[in-house]
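Here are my notes on the model you sent. Please read them with the structure open.

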Amino acid sequence: MPWKRLLVRAYVDHYLHLGNTVTSRAEGSHSQLKSTLRVSTGDLKNVFEKIELLLDRQHTEHEGGIARDQIRSPHTARGPLYCQLLGRISNFALGKIGEQQHRLANPAPLPACTMAFRHSMGLLCAHQIQELLQQNQVFQLDDVHQHWYLKPQTPVTMQPLVLDPVVAQTRGRPTALKPKNCSFTHAANTRQAASSTRRDASAFEQVGVRTRRQAAAAAVETRRTARDRRNCDV
Ligand SMILES: [Zn+2]
């Protein structure tokens with residue numbers, strides 16, 4: 001069936017596959033793992049250590065690739081149009097965008113946009129590039145799927161909104177209900193409620209205050225009783 005490739009593409013390119021349309025990568029990784037293990041008779045510890053070594057090596061190679069892409073860029077991506085993308089997305093992605101831009105060099109008008117490239121690769125298609133060029137704009141990082149970013153973008157953290165603290169409701173009778181002849185005390189209390197940073201007393205502290213008051217009242221009563229007794233004796 002000579003058309004099978006075109007038929008499959010027509011369906012597959014509606015979805016984001018980022019260029020992975022064959023299983024050769026998974027097969028390649030499987031082959032690499034098998035060549036690292038070498039034998040099929042190793043114990044679990046041996047297998048674990050070899051897989052760990054393989055992953056470490058792949059991670060190092062990946063980091064090296066990122067560093068290379070940050071330093072060098074393809075010659076098709078030179079120019080102010082790419083200034084926001086250089087050092088931020090992979091050279092492979094830059095090359096793909098360059099290919100799309102190259103389509104504009106053809107004097108013939110572009111065919112209608114099917115969105116297939118945009119949807120399947122997460123990159124700017126020739127039609128988008130043409131629009132941006134007409135509007136005198138440059139490529140933005142948001143125009144590219146995060147898969148192609150060299151480093152993950154740090155999320156923008158919202159700073160907490162700082163507001164004035166809520167005025168605490170003090171315990172006891174409201175200051176507005178205090179007797180009118182205590183104007184000085186009332187004014188002082190009002191000032192304190194508005195400006196004081198003293199916290200409300202805990203339950204055990206309130207019990208302590210009550211006990212001290214009761215002890216003071218008892219002492220006054222004892223003194224009064226003793227004085228009355230002395231007067232009676234006289
Ligand atoms: Zn297009």
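Which residues does isoleucine 89 touch, not counting residues up to four places away in sequence? The points below start there.

1. Isoleucine 89. This is a predicted model. In it, isoleucine 89 touches Leu94, Val144, Trp148, Tyr149 and Leu150. That list leaves out residues up to four places away in sequence.

2. Helix 2 against helix 3. The axes of helix 2 and helix 3 (residues 44-71) come within 10 Å. They cross at roughly 125°. The crossing of helix 2 past helix 3 is right-handed.

3. Who meets whom. On the helix 2 side, the contact is made by Leu33, Thr36 and Leu37. On the helix 3 side, Val47, Lys50 and Leu54 meet them. By class, this contact has 4 nonpolar, 1 polar and 1 charged residues.

4. Lysine 34. This residue also lies in helix 2. Is lysine 34 buried or exposed? Lysine 34 counts as exposed, because it has 10 C-beta neighbours inside 10 Å and the cut-off for exposed is 12 or fewer. Lysine 34 and isoleucine 51 are 17 residues apart in sequence. In space they are 9.9 Å apart, C-alpha to C-alpha.

5. Leucine 18. Look at the backbone here. Phi of leucine 18 is near 55°, a positive value in a residue other than glycine. Leucine 18 sits in the loop between helix 1 (4-12) and helix 2 (24-37). It has 13 C-beta neighbours inside 10 Å, so it counts as partly exposed.

6. Asparagine 136. Please check this backbone too. Asparagine 136 is a residue other than glycine with a positive phi, near 60°. Where is asparagine 136? It is in the loop between helix 6 (126-134) and helix 7 (183-195). Asparagine 136 counts as exposed because it has 6 C-beta neighbours inside 10 Å.

How values were computed: Residues numbered from 1 in each chain as written. Predicted model: local features only at pLDDT ≥ 70, side-chain atom pairs only at ≥ 80, totals over all residues. Helix = DSSP H or I, 4+ residues; strand = E, 2+ residues; numbered from the N terminus. Buried ≥ 20, exposed ≤ 12 C-beta atoms within 10 Å, placed from the backbone. Contact = placed C-beta atoms within 7 Å. Axes fitted to C-alpha atoms, helices over the stretch in contact; angles between N-to-C directions. Left-handed = near helix turned anticlockwise from the far one by under 90°. Nonpolar A, V, L, I, M, F, W, Y, C, P; charged D, E, K, R; others polar.
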